[in-house]
Amino acid sequence: EIPVPGVWYKILAGHSGKCFEVADSSTSGGANIQQWDYLGGENQQWQLEDMGDGYYRLIARHSDKCLEVQDWNTSDGANIVQGDTGDNYQNNEQWSFVKDGDYYQIINRNSGKLVDVHATMTTNGANIHQWSYYSDNALSQRWSFISVDGSGSTPTPTNTIGDVNDDGSIDIFDALLIAQYYVNLDPSPFNIDAADTNCDGSVNIVDALLIARYYVNLISEFC
């Protein structure tokens, strides 16, 4: 079961409820893809084009350009942009869709990696790149397809304080990710909203210590 080719969709991140869009409504090849609140713009609407063998291109409505991994890069963190469609049908602009509950994983044909929101951020403008599959519960790698005429449903985003890597549990690995973030090591996956365990609007070593205390049962909840 996949989204229907020929239908215009908004595509929403499972963790944030925001859609992926072409930044600044650019029509240029190489324009960046980011997440943003859905505002109804054609730069936020996408249609599947069947390439055969279970792969599809995703076409932006405003530009008629397709979603692709930049420069054929196969690394984690490689950027996703809009590229010229043309007739070459390159593998870095072809995608498969795996149903996962209420969501889909979007997987690049060239790299085998998933469309992912950087560091599980929930803010407007957060970058969208590719990343290896890392968790059954990683909603920054799960997407819902809602047709712009209103059919389909939007699952409610979830965000568990303390579960920094979105793996469904709160443990010492979450504390270590906060420590890495605190010393500017740019950890990933990293849900910055889940990392603010004392709800003071910032993420620092105190948040990591609270997770450690939770892990050894010295506290039972955050905030």
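Two strands pair if DSSP finds at least two bridges between them; strands (E, at least two residues) and helices (H or I, at least four) are DSSP runs, numbered from the N terminus.

This is a predicted model, in which local features need pLDDT of at least 70 and side-chain atom pairs count only at pLDDT 80 or more, while totals for chains, interfaces and linings use all residues. Residues are numbered from 1 along each chain as its sequence is written, and side-chain values use heavy atoms, with hydrogens and water left out.

1. Strands β6 and β7. Strand β6 (residues 66–69) pairs with β7 in the antiparallel sense, over 4 bridges. Within this pairing, E68 stands opposite V81 of β7. Along β7 (residues 80–83), I80 and Q82 point one way, V81 and G83 point the other way, and all are buried. Buried means under 20% relative accessible area, exposed over 50%, and partly exposed in between (1.4 Å probe, protein chains only).

2. Q44. This residue lies in the loop between β3 (33–36) and β4 (46–52). Q44 counts as buried because its relative accessibility is 1%. Its side chain joins that of E21 through a polar contact of 2.8 Å. A polar contact is a pair of N or O atoms within 3.5 Å; within protein, one must be able to donate a hydrogen and the other to accept it, and residues adjacent in sequence count only if both atoms are side-chain atoms. A polar atom of the Q44 side chain also lies 2.8 Å from the backbone nitrogen of L39. Leaving aside neighbours within four places in sequence, the residues in contact with Q44 (heavy atoms within 4.5 Å) include Y9, K10, C19, F20 and W36.

3. Q35. Strand β3 holds Q35, which counts as buried because its relative accessibility is 0%. The side chain of Q35 reaches the backbone oxygen of M121 at 3.0 Å.

4. D136. The loop between β11 (128–131) and β12 (143–147) contains D136. What makes D136 count as exposed? The reason is its relative accessibility of 60%. Not counting residues up to four places away in sequence, D136 touches D100 and R142. D136 and D100 are 36 residues apart along the chain, and their C-alpha atoms are separated by 9.0 Å.

5. L218. This residue is found in the segment after α3 (205–215). L218 counts as exposed because its relative accessibility is 56%.
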